[in-house]
Amino acid sequence: MKKYTTLFCLFFASFLFHQTANAQFGNMLKKAKQKVTEKIEEKASSTIEKPTTSSNSNSTSNTNEYSDEEFKKELAKKYPNDKEKQDFYFKKYKEYQKKQAAEKEALLARENSKGKVVNEIPSPIESSEENKFKDNQIYLLNRTKFKKLPAYDGGFSDKMELSGYYHLSQYFVRNPSSHFDSNPGDIYEGFSIEYDPTTYQLNAFFTPDQKRYGVVPEHYRKSADKGNIQFQFGMGGGPEWTNANVLLLEPGVLLIGAEVYHKNDNEGHKWMNNAQPKQFVIAAKDPEKIKKYYKNPELTSQVTFAKFDELLKDWKGAQLNSVVMPSKGSFDKNSAIKSAAVNGLNKYYGKMSMSNVYQYMTSDRWSTVKHKVTGVPLYQWAVGAVVQKNSDGQCMLQQFIVRRDYTGGGKYGSPFFNGINRGSIRAPYGTYVKCDARPQK
C-alpha cells in the first residue's frame with residue numbers, strides 16, 4: 001500500500017507540473033504500477049526463497065504484466081497526438097521500475113548481511129564440500145560476523161622451495177573489533193609465502209594487500225641453509241596471532257605453533273605445557289600431506305622433535321665456534337701459581353665426575369682485598385680460565401680463582417686454588433665450548 005501511495009504521488013506531481021494529464025491515464029498508471037510491483041516482488045521473493053510455482057503459473061503471470069511495448073501502446077491510446085507526453089510518462093514509468101528494483105536489491109543485501117549462522121569453524125581439509133565455507137559468504141558465529149575470503153596464490157618460489165601456496169588444516173580467522181562491528185572479520189583457508197634465503201626474511205600473503213612478516217632466528221640460519229627451516233611470524237595483516245613458531249616438517253609441509261623445549265640431553269625436546277600436535281595448525285602445498293600429520297600425532301611429534309634436535313646441534317655448533325677464548329696472562333708462566341691452579345682444579349673436578357681438560361692463567365697481576373676499617377691487607381687473588389668436561393661429554397668454559405693470604409710484614413703465603421667463580425662472571429665464561437678450544441696466544 002505504501003508503494004502504491006508513493007507511485008500515485010509521483011505521477012500526481014507530474015500531472016500538476018504539465019497540467020495536461022487526464023484522469024484516465026491515472027487509472028492506467030495505477031494498473032501498471034500494481035503489475036510492476038507484483039513483478040518486482042515476485043522476483044525478489046524468488047531470490048530469497050526457491051520458486052514454488054510451476055512454469056505454467058509463471059507464464060500465466062507474465063500475461064498479466066505490462067511489457068515496455070504494451071505500456072507504450074497504452075500511452076499512445078491515451079495521448080494519440082502528444083508524443084511529448086508519451087515519452088515523459090514512459091520515462092517516469094522506467095524510473096519507477098528502476099527505483100523499485102533498487103529497493104528490492106537493498107532488501108536482499110540486508111537479508112544476506114545477517115550472515116549464515118554456524119556453530120563452529122570447520123576444518124577445510126576434513127569437512128565435506130557442502131560443509132566448507134564459501135568465498136565471500138557472510139557467516140555468523142557467536143553473534144560475530146565473518147567473511148570467507150578467496151584463497152590468494154602469489155606464485156612465489158625460491159631455491160630452498162619454502163615459497164609457495166599453502167593449504168591449511170584449520171581456517172585462520174581475523175576477528176573484528178567486537179561483534180557490534182559493522183565490518184565482519186575474515187576467514188582464510190591458506191596463505192602464500194614469499195621467502196628470501198639471502199636475508200632469511202619472508203612474508204605470508206593472505207590477500208594481495210594483507211601479509212604477515214616472518215624471519216628465521218639468527219641461531220637457526222645455518223640450519224636454514226641446509227633446508228632445515230624454523231621461522232617466527234611477527235606483526236602484520238591477516239589473523240591476529242603473533243610470534244608463532246613455524247617448523248618445516250618436510251619440503252612443502254609446515255607445523256604452525258611448534259612450541260617445544262629441550263628437557264635434557266637424554267630425553268631431548270618435549271611439547272611446551274604438554275600440548276598435543278592436534279592443537280596446532282598444519283599447512284601444506286599438497287593438501288594430502290596435511291592428512292599424513294593431522295591424523296598421526298605420534299608421527300608429528302617424532303618428526304618435530306627430530307627436527308629440533310638437529311636445530312639444537314647446529315645452534316650449539318655455531319655457538320661453540322663463535323666463542324672467543326680469553327688471552328693468556330703473564331701469571332701463566334709463574335710455576336707456583338700454575339701448579340696451584342692445576343692441582344686444585346684436578347681435585348675439585350675429581351669429586352664431581354668431571355675433568356680438567358685445559359687450564360691457564362689470564363691475570364697479569366694480583367688484586368688486593370683490604371679490611372674496610374683498618375685498611376690492612378687481607379689477601380690477594382688472580383683468575384684463570386678452565387675448559388671443564390661434564391659427565392655428558394660436553395665441555396664448558398669456566399673462570400677459576402687462585403688466592404694467597406696476607407701473613408704480615410708486607411708478605412703473603414703460598415698461592416692456592418680458591419674455587420670456580422660463579423658470582424660475577426661474564427661471557428664467554430659459563431658457556432659451552434669445544435673441548436679442544438684454546439686461546440690464540
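Which helix holds both F90 and Y93, and how many residues apart are they? Both lie in helix α5 (residues 83–113), three residues apart, about one turn of the helix.

## Model and overall make-up

This is a predicted model, in which local features need pLDDT of at least 70, side-chain atom pairs count only at pLDDT 80 or more, and totals for chains, interfaces and linings use all residues. Residues are numbered from 1 along each chain as its sequence is written, and side-chain values use heavy atoms, with hydrogens and water left out.

The protein has nine helices and 20 strands. Helices (H or I, at least four residues) and strands (E, at least two) are DSSP runs, numbered from the N terminus. Of the 441 residues, 40% count as buried. Buried means under 20% relative accessible area, exposed means over 50%, and partly exposed lies in between (1.4 Å probe, protein chains only).

The exposed surface comes to about 25,300 Å², and carbon and sulfur atoms supply 50% of it. These areas come from the Shrake-Rupley method with a 1.4 Å probe; for residues, only the protein chains shown count as cover. Among contacts with a separation of 6 or more, 59% join residues 24 or more positions apart. A contact here means heavy atoms within 4.5 Å.

## Aromatic pairs

The whole structure contains 22 aromatic pairs. Rings of Phe, Tyr and Trp (its six-membered ring) pair if their centres lie within 6.5 Å; planes under 30 degrees apart count as stacked, over 60 as edge-to-face and the rest as tilted. F90 and Y93 form a tilted pair, because their ring centres are 6.2 Å apart and their planes stand at 40°. F90 is buried at 16% relative accessibility. Y93 is buried too, at 2%.

F133 and Y171 make a stacked pair, 5.2 Å centre to centre with 25° between the planes. F133 lies in the loop between β1 (116–117) and β2 (138–141), and Y171 lies in strand β4 (residues 164–174), so the pair ties together parts that are 38 residues apart in sequence. Both partners are buried: F133 has 8% relative accessibility, and Y171 has 7%. Elsewhere, Y166, F172, Y188, F191, F206, F231 and F233 form one aromatic cluster.

## Charges over rings

F90 also has a charged neighbour. K72 lies over the face of its ring, at 4.8 Å from the ring centre. A charge sits over a ring if NZ of Lys or CZ of Arg is within 6 Å of the ring centre and within 35 degrees of the ring normal. R403 and Y379 give another case: the charged end of R403 sits over the ring of Y379, 3.9 Å from its centre.

Strand β10 (residues 253–256) is covered on both faces. V253 and L255 are buried on one side, L254 and I256 on the other. In a regular strand the side chains alternate between the two faces of the sheet.

Four bridges join β10 to strand β9 (residues 245–250), and the two run antiparallel. Two strands pair if DSSP finds at least two bridges between them. Four bridges also join β10 to strand β13 (residues 281–284), again antiparallel. L255 takes part in both pairings: L247 is its bridge partner in one, and I282 in β13 stands opposite it in the other. The hairpin of β9 and β10 has two residues between the strands, and there G252 takes a positive phi near 85°.

## Helix α8

Helix α8 (residues 297–322) has 26 residues and should span 38 Å at 1.5 Å a residue; its end C-alpha atoms are 37 Å apart, which agrees. The expected span is 1.5 Å times one less than the number of residues. The buried residues of α8 are T300, S301, V303, T304, F305, F308, L311, L312, D314 and K316.

## Backbone exceptions

Most residues other than glycine have a negative phi, and most peptide bonds are trans. R143 is not a glycine, yet has a positive phi of about 70°. R143 sits in the loop between β2 and β3 and is exposed, with a relative accessible area of 60%. T144, in strand β3 (residues 144–148), is buried at 13%.

Y200 likewise has a positive phi, of about 60°. Y200 is in the loop between β5 (185–196) and β6 (201–205) and is buried, with a relative accessible area of 14%. The peptide bond from A427 to P428 is cis, with omega near 10°. P428 is found in the loop between β19 (416–420) and β20 (431–433).
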